[in-house]
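Colleague: I have a new model open on my screen and would like to learn how to read it. Could we go through some features together?

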Amino acid sequence: MTAESRRKPEQVRLERLLRLIAALIDTPRFLSIEEIHTKVGVARGADSAGYPENGPAAKRAFHRDMNELADAEIPVISGRVPGQERETLGYRIRKQDYSLPEMDFEADELAALHRATTAVRFDGVSGSEVLWKLGGRVGEATASELAAVPAHPALADVFQSITEQRVAEFAYGGQHRAVEPWTLAFDQGHWYVLGYDRSREDRRTFRVDRIQGGVELGPPSGFQQPEGTAGWVSFQPWKFGAAPPVTATLKIDPEQAVWAARRLGQEPAERERDGSAVFEVVVRSPDAFRSVVLEFLEHAEILGPPELRADMVAWLEEMSR
């Protein structure tokens, strides 16, 4: 890499922060600092985003990053790491605290989203890392577990435009967009940016890896982020797909029922005597539905229809081989 093409230190730092956020979201339990370092990766030179190989230096960099996240009001919580002989403090971001706002799509945008979400493609992710698209591995992690955090050349620029309130201009869907970006969210293996699209004079959501070419940033403080943009609900990719819609019956254990209602964006159709919640979910993308079911691990069961249940059983059997 030539001196002219080297990335700026702030770009490398921002990419590391984005990897850290993704790692903290992509876990059902608290992660130790060592596990987080493994997920984020090791820096291989000045242009590589990751933590130093030296343990103490890596911990210092991690704590600096945590201060950055706190300053940005990103909701990192801490708690005990399970399965440790000695009490170990860990960290995570609950998905219900950091996910996409509710999105209102026009008919043409919804049609485009249907087409886009039926093509599952993860550049640079090998077969051994395929669980990334499902929101993490099933069960307890090990010290050797690795996660591939998807990155895109536009990601650091988008992050900078949000933190410094710069208008971002880029091509998307073959059209020029001038966007006031409000927030960045990670869901189902992809980064999304939500903001006000000046080109269409309305709120819009963009998938970062579908930005075409580079991003041009305006001057700092180029817009004022409106109040109330942190009203979170979950993104629901199982609603977008080319398959004919089917109504799935999903049973959730009592301890996960409240979170399930928020994650699915609906109240249960019925409650059982033990407090379990039964949801009726319209599904147009079976793969995405399987992914959200796996977020609840052993606390969820697909009751019907038979083909969705059989698909889940077959997938689990295949992964266990």
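Colleague: Let me start with α6: how many of its eight residues are buried?

Modeller: Some ground rules first. This is a predicted model, in which local features need pLDDT of at least 70 and side-chain atom pairs count only at pLDDT 80 or more, while totals for chains, interfaces and linings use all residues. Residues are numbered from 1 along each chain as its sequence is written, and side-chain values use heavy atoms, with hydrogens and water left out. Helices (H or I, at least four residues) and strands (E, at least two) are DSSP runs, numbered from the N terminus. Buried means under 20% relative accessible area, exposed over 50%, and partly exposed in between, with a 1.4 Å probe and protein chains only. Now to your helix: six of the eight residues of α6 are buried, so α6 is mostly covered. They are A257, W259, A260, A261, R263 and L264.

Colleague: Which strands does α6 touch?

Modeller: Strands pair if DSSP finds at least two bridges between them. Here four strands form an open sheet in the order β9-β10-β8-β11, with antiparallel pairing. The edge strands are β9 (270–271) and β11 (300–304); each has a single partner strand, so one side of each is left without a neighbour in the sheet. Two antiparallel bridges join β9 to β10 (residues 277–283), and E270 has V278 in β10 as its bridge partner. Helix α6 (residues 257–264) packs on this sheet, touching β8 (246–252), β9 and β10. Contact means heavy atoms within 4.5 Å. The direction of α6 makes about 15° with that of β10; axes are lines fitted to C-alpha atoms, for helices over the stretch in contact, and angles run from 0 to 180 degrees between N-to-C directions.

Colleague: What is P254 in contact with, beyond its neighbours within four places in sequence?

Modeller: P254 sits in the loop between β8 and α6 and is partly exposed, at 34% relative accessible area. With those neighbours left aside, its contacts are D274, G275 and S276. P254 and S276 are 22 residues apart in sequence, yet their C-alpha atoms are 4.4 Å apart.

Colleague: How should I read a nonpolar core, and which residues have the most contacts inside the largest one?

Modeller: In soluble globular proteins, nonpolar side chains tend to be buried together. A nonpolar core is a set of buried Ala, Val, Leu, Ile, Met, Phe, Trp, Tyr and Cys residues joined through side-chain atoms within 4.5 Å. The largest here has 39 residues, and L20 and L184 have the most contacts inside it. Among the elements that each supply at least two residues are α1 (9–25), α3 (55–71) and β4 (175–187), and α1 gives the most, with nine. Domain 1 (9–98) and domain 3 (155–233) both contribute, so this core lies between them; the domain bounds come from an automatic or database domain assignment. Another core, of 24 residues, lies apart from it and includes W259, A260, V292 and L294.

Colleague: And α2: what do its buried residues pack against?

Modeller: They pack against α1, α3 and β2 (89–92). Six of the eight residues of α2 are buried, so α2 is largely enclosed by the rest of the structure. The buried ones include I33, I36 and V40, along with E35, H37 and K39. G41 follows α2 and has a positive phi, near 105°.
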